[in-house]
Amino acid sequence: MTTAVAAPFRFFSLQVAATRRLGPSLLRVTFTGDDLRHFFSDGSDQSLSLFLPHPGQSEPAVPYHLGDGWWQAWRELPDGVRAVMRSYTLRALRPEAGEIDIDFVLHHPAGPASAWAARAVAGDRVVLLGPAIADNRAIRFRPPQDTDLTLIWGDETALPAIAAILEALPAGARVRVWLEVADPGNILDLATEADAEIVWLVRGEQCADGPPLALDALRDVQLPPAAHPYVWIAGESGAVKELRRHFVKERGIDRRRVTFVGYWRQGLSEEQLRERGE
């Protein structure tokens, strides 16, 4: 399959190579495919669209052969046929092996993507819409060159991006990270050469639509002095907005130096968000 759409993106036909449990609700799926020789990305938080089959289907129904007309044709497929589309972040790319890793958060009750990941086995087929050019608009982590302190917040859905960001930061770069997870078993060892201070916050049974735990932690902490800080926050949309407000209004950080991404919204599916244009 060589169909390109909306350059610099294209479709990739992949299959599951392996799965690995990272924590009680974290699962890594490794995908492989000949198409990955055309996959290029130099970003740490590369966004992807993953198309998954329904139970009983051998592959996801995506009319990618129609080129730029695929979107409308895909939307017109019956609900039980149309491939499930979900947005994910690339965790790792190994071009020499023709492999990529995508980390999934497993939910209870499970949505269609979580249910698919939980039962995934080697050979399962998926379709990916991803980058064919290394520097593309689906990369959001772009600290200005003069950045002297990087501040990061995320929940489980942002953990793959944050792990990749930390791996990519140069030695000595100052970074402060707040990560919120539901289960202490989801706390991971994150590799970095940066001067990084990582604070893990465990929500436990706290309702996910409550204020982010990091708000209290941030209000109680004295941040290192910095002339040109950069902020990256991603995860549940409501929490992202509250933290952006904190950094801009309470910390006085230039809003142009704050990147914020709502990966999901409490109480709404990705289909509902798409219908609302969010």
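Where does Asp124 lie? I looked this up as my opening entry, keeping in mind that the model is predicted.

**Entry on Asp124**
I found Asp124 in the loop between helix H2 (112–119) and strand S7 (125–131). Its relative accessibility is 24%, so I noted Asp124 as partly exposed. Setting aside neighbours within four places in sequence, I listed its contacts as Leu14, Gln15, Val16, Trp116 and Arg119. I also checked Asp124 against Phe31: they are 93 residues apart in sequence, and their C-alpha atoms are 9.3 Å apart in space.

**Entry on Thr30**
Next I turned to Thr30, which sits in strand S3 (residues 26–32). Is Thr30 buried or exposed? I wrote down buried, because its relative accessibility is 12% and buried means under 20%. Again leaving out neighbours within four places in sequence, I saw that Thr30 touches Gln15, Val16, Ala17, Ala18, Arg94, Glu99, Ile100 and Asp101.

**Entry on helix H3**
How many residues of helix H3 (residues 159–168) are buried? I got 8 of its 10, so the helix is mostly covered. The buried ones are Leu159, Pro160, Ala161, Ile162, Ala163, Ala164, Ile165 and Leu166.

**Entry on a charged patch**
Which residues form a positive surface patch? I noted Lys241, Arg245, Lys249 and Arg255. I then picked out Arg255, which is placed in the loop between helix H5 (237–250) and strand S12 (258–264). With a relative accessible area of 41%, Arg255 is partly exposed.

Methods
Residues are numbered from 1 along each chain as its sequence is written. This is a predicted model: local features need pLDDT of at least 70, side-chain atom pairs count only at pLDDT 80 or more; totals for chains, interfaces and linings use all residues. Side-chain values use heavy atoms; hydrogens and water are left out. Patches are made of residues with over 30% relative accessible area and no salt bridge: like charges are joined within 9 Å, nonpolar side chains (Val, Leu, Ile, Met, Phe, Trp, Tyr) within 5 Å. Accessible areas come from the Shrake-Rupley method with a 1.4 Å probe; for residues, only the protein chains shown count as cover. A salt bridge is a side-chain nitrogen of Lys or Arg within 4 Å of a carboxyl oxygen of Asp or Glu. Lys and Arg count as positive and Asp and Glu as negative; His and the chain ends are not counted. The place of a charge is taken as NZ of Lys, CZ of Arg, CG of Asp or CD of Glu. Helices (H or I, at least four residues) and strands (E, at least two) are DSSP runs, numbered from the N terminus. Buried means under 20% relative accessible area, exposed over 50%, partly exposed in between (1.4 Å probe, protein chains only). Contact means heavy atoms within 4.5 Å.
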